[in-house]
Amino acid sequence: MIIYNVTSNIDETIHDEWLVWIKEHIPQVLATGKFEKATLTKVLVEEDMGGVTYSVQYKAFSREALDAFYKENAPAFRSEISKKFGDKMLAFRTELEILDEYSVAFK
């Protein structure tokens, strides 16, 4: 299983607007049918460059699904984001492979 992770540093001048937008954007990405679920997290470490940093982790159905997303969907999404937020948002993307998952249940 592959996680497509998008980490974004948001300028404080657009923070509130971006937060509303990302909560609309995530369902649009999920609607492509390439991902099982998404998790939005706030990075708790303060960045030297300022701003607020978030991570969205999209759990892909498969490697093939993620590759299809890159080809069929990602260019339009990235273009939209660039037009909307310009240099007020800096994003980088990583892929993570899930090797094992663990949990614990307490009684």
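This is a predicted model: local features need pLDDT of at least 70, side-chain atom pairs count only at pLDDT 80 or more; totals for chains, interfaces and linings use all residues.
Four strands form an open sheet in the order S2-S3-S1-S4, and their pairing is antiparallel. S2 and S4 are the edge strands, each pairing on one side only. Direction ignored, neighbouring strands are turned by 15 degrees against each other on average.

Eight bridges join S1 and S3, which pair in the antiparallel sense. Thr7 stands opposite Ser55 in S3. Helix H2 packs on this sheet and touches S1, S2, S3 and S4. The direction of H2 makes about 40 degrees with that of S1.

## The two sides of helix H2

Helix H2 spans residues 63-72, and its buried residues are Ala65, Leu66, Ala68 and Phe69. Viewed down the axis of H2, these buried residues fall within an arc of 160 degrees, so they line one face of the helix. The face turned away from that buried side carries Glu64 and Lys71, which are exposed.

The buried residues of H2 pack against both strands and helices. The strands are S1 (2-10), S2 (35-42), S3 (52-60) and S4 (89-97). The helices are H1 (15-30) and H3 (74-85).

## Helix H2 against helix H3

Two packed helices are described by the angle between their axes and the distance between the axes. For H2 and H3, the axes come within 4 Å and cross at roughly 55 degrees.

On the H2 side, the contact is made by Phe69, Tyr70, Lys71 and Glu72. These residues meet Ala74, Pro75, Phe77 and Arg78 in H3. The contact residues divide into five nonpolar, no polar and three charged. Phe69 is listed among the buried residues of H2, whereas Lys71 is exposed on the face turned away from the buried side.

## Helix H1 against helix H3

The axes of H1 and H3 come within 13 Å and cross at roughly 170 degrees. An angle over 145 degrees counts as roughly antiparallel, and H1 and H3 are therefore roughly antiparallel to each other.

H1 contributes Glu17, Trp18, Trp21, His25, Gln28 and Val29 to this contact. Their partners in H3 are Phe77, Glu80, Ile81, Lys84 and Phe85. The residues of the contact divide into six nonpolar, two polar and three charged. Phe77 in H3 meets residues of H1 and also takes part in the contact with H2.

Terms used. Residues are numbered from 1 along each chain as its sequence is written. Side-chain values use heavy atoms; hydrogens and water are left out. Buried means under 20% relative accessible area, exposed over 50%, partly exposed in between (1.4 Å probe, protein chains only). The arc is that of the directions from the helix axis to the C-beta atoms. Contact means heavy atoms within 4.5 Å. Axes are lines fitted to C-alpha atoms, for helices over the stretch in contact, and angles run from 0 to 180 degrees between N-to-C directions. Ala, Val, Leu, Ile, Met, Phe, Trp, Tyr, Cys and Pro count as nonpolar, Asp, Glu, Lys and Arg as charged, and the others, Gly among them, as polar. Two strands pair if DSSP finds at least two bridges between them. Angles under 35 degrees count as roughly parallel, over 145 as roughly antiparallel, 65 to 115 as roughly perpendicular and the rest as oblique.
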